[in-house]
Amino acid sequence: MEIAYKDAHLCLNEAQHEGVPMWLAANIAQMWRHGMMEVGKDADMSHLADLFERWADVTMKDTP
């Protein structure tokens with residue numbers, strides 16, 4: 001989680017430096033940050049799916 005957040009944050013910093021709007025990247029960075037707060041910075045990014053399930057009140061099923 002921490003590495004993905006760092007990469008999204010670096011992308012945003014570079015875009016801001018170049019004057020490029022990055023609306024979606026800003027939301028993605030916040031999603032990663034929230035994920036780190038929920039499951040810890042060392043957790044695997046697959047835990048984001050658990051968060052999405054909880055937010056949407058659904059359960060994703062495995063496919064063969």
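**Helix packing in context**

Modeller: The accessible surface of the protein is about 5,100 Å², and carbon and sulfur atoms hold 58% of it. Those areas come from the Shrake-Rupley method with a 1.4 Å probe; for residues, only the protein chains shown count as cover. The model is predicted: local features need pLDDT of at least 70, side-chain atom pairs count only at pLDDT 80 or more, and totals for chains, interfaces and linings use all residues. Residues are numbered from 1 along each chain as its sequence is written, and side-chain values use heavy atoms, leaving out hydrogens and water.

The fold comes first. The protein has three helices and zero strands. Helices (H or I, at least four residues) and strands (E, at least two) are DSSP runs, numbered from the N terminus. Along the sequence the pattern reads α-α-α. The radius of gyration is 14 Å, well over the 11 Å that the globule rule gives for 64 residues, so the protein is more spread out than a compact globule. That radius is taken over C-alpha atoms, and the rule is 2.2 Å times the number of residues to the power 0.38. The C-alpha trace spans about 45 × 25 × 20 Å along its principal axes. Of the 64 residues, 22% count as buried (under 20% relative accessible area; exposed is over 50%, partly exposed in between, with a 1.4 Å probe and protein chains only).

Now the packing itself. Helix H2 covers residues 23–39 and helix H3 residues 47–56; they pack at about 95°, with axes 10 Å apart. Axes are lines fitted to C-alpha atoms, for helices over the stretch in contact, and angles run from 0 to 180 degrees between N-to-C directions. H2 is therefore roughly perpendicular to H3 (65 to 115 degrees; under 35 is roughly parallel, over 145 roughly antiparallel, the rest oblique).

From H2, the contact uses Met31, Trp32, His34, Gly35, Glu38 and Val39. H3 answers with His47, Leu48, Leu51, Phe52, Arg54 and Trp55. Contact means heavy atoms within 4.5 Å. The contact residues divide into seven nonpolar, three polar and two charged. Ala, Val, Leu, Ile, Met, Phe, Trp, Tyr, Cys and Pro count as nonpolar, Asp, Glu, Lys and Arg as charged, and the others, Gly among them, as polar.

Two further residues complete the view. Leucine 24 is in H2 and is exposed, at 60% relative accessibility. Aspartate 57 sits in the segment after H3. Aspartate 57 is exposed at 70% and has a positive phi of about 55°, although not a glycine.
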